[in-house]
Amino acid sequence: MALRLDSKNIFIQATSVVDGTDVIVFSTTISSSGDPEPIYRSIINQEAYMSKQSEVREDLAKFQNEAYGLQDLLITEVKANVDKDNEE
């Protein structure tokens, strides 16, 4: 009998802070299945969001890159675990 890790999910959340002001929160669940997950956005400060959209978009791009990087690591980790179990 053996336990096999078939999938793994991680929830991440980040806040875009522009000029010391919390503007928007980004969050997503990252899955080892490879299925794309939506990135949720919650505006904290509407005025700052409207005036600092280019900075917020830069932070969104950073968040997306971080999420994709973590997903790649999860997929690799789960695949390695499944491959290892198949060899045994």
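**View 1. Thr 28 sits in strand 2.** Strands here are DSSP runs of E with at least two residues, helices are runs of H or I with at least four, and both are numbered from the N terminus. This is a predicted model, where local features need pLDDT of at least 70 and side-chain atom pairs count only at pLDDT 80 or more, while totals for chains, interfaces and linings use all residues. Residues are numbered from 1 along each chain as its sequence is written, and side-chain values use heavy atoms, with hydrogens and water left out. Is Thr 28 buried or exposed? With a relative accessible area of 4%, Thr 28 is buried (buried means under 20%, exposed over 50%, partly exposed in between, using a 1.4 Å probe and protein chains only). Its side chain reaches the backbone oxygen of Pro 38 at 2.8 Å. Contact means heavy atoms within 4.5 Å, and leaving out residues up to four places away in sequence, Thr 28 touches several others, including Ile 10, Ile 12, Glu 37 and Phe 63.

**View 2. Ile 12 belongs to strand 1.** Ile 12 has a relative accessible area of 14%, so it counts as buried. Skip its neighbours within four places in sequence, and Ile 12 is in contact with Phe 26, Ser 27, Thr 28, Ile 30, Phe 63, Ala 67 and Leu 70. Now look over at Glu 66: it is 54 residues from Ile 12 along the chain, yet their C-alpha atoms are separated by 9.5 Å.

**View 3. Here is the 1 aromatic pair.** Rings of Phe, Tyr and Trp (its six-membered ring) pair if their centres lie within 6.5 Å; planes under 30 degrees apart count as stacked, over 60 as edge-to-face and the rest as tilted. Phe 26 and Phe 63 have ring centres 5.7 Å apart and planes at 35°, so this pair is tilted. Phe 26 is in strand 2 and Phe 63 in helix 2, so the pair links distant parts of the chain, 37 residues apart. Both Phe 26 and Phe 63 are buried.

**View 4. The largest nonpolar core has 13 residues.** Such a core is a set of buried Ala, Val, Leu, Ile, Met, Phe, Trp, Tyr and Cys residues joined through side-chain atoms within 4.5 Å. Which members touch the most others? That would be Val 23, Phe 26 and Val 56. Strand 1 (9-18), strand 2 (21-31) and helix 2 (53-87) each give two or more residues, with helix 2 giving the largest share, 5 residues.

Definitions and conventions. A polar contact is a pair of N or O atoms within 3.5 Å; within protein, one must be able to donate a hydrogen and the other to accept it, and residues adjacent in sequence count only if both atoms are side-chain atoms.
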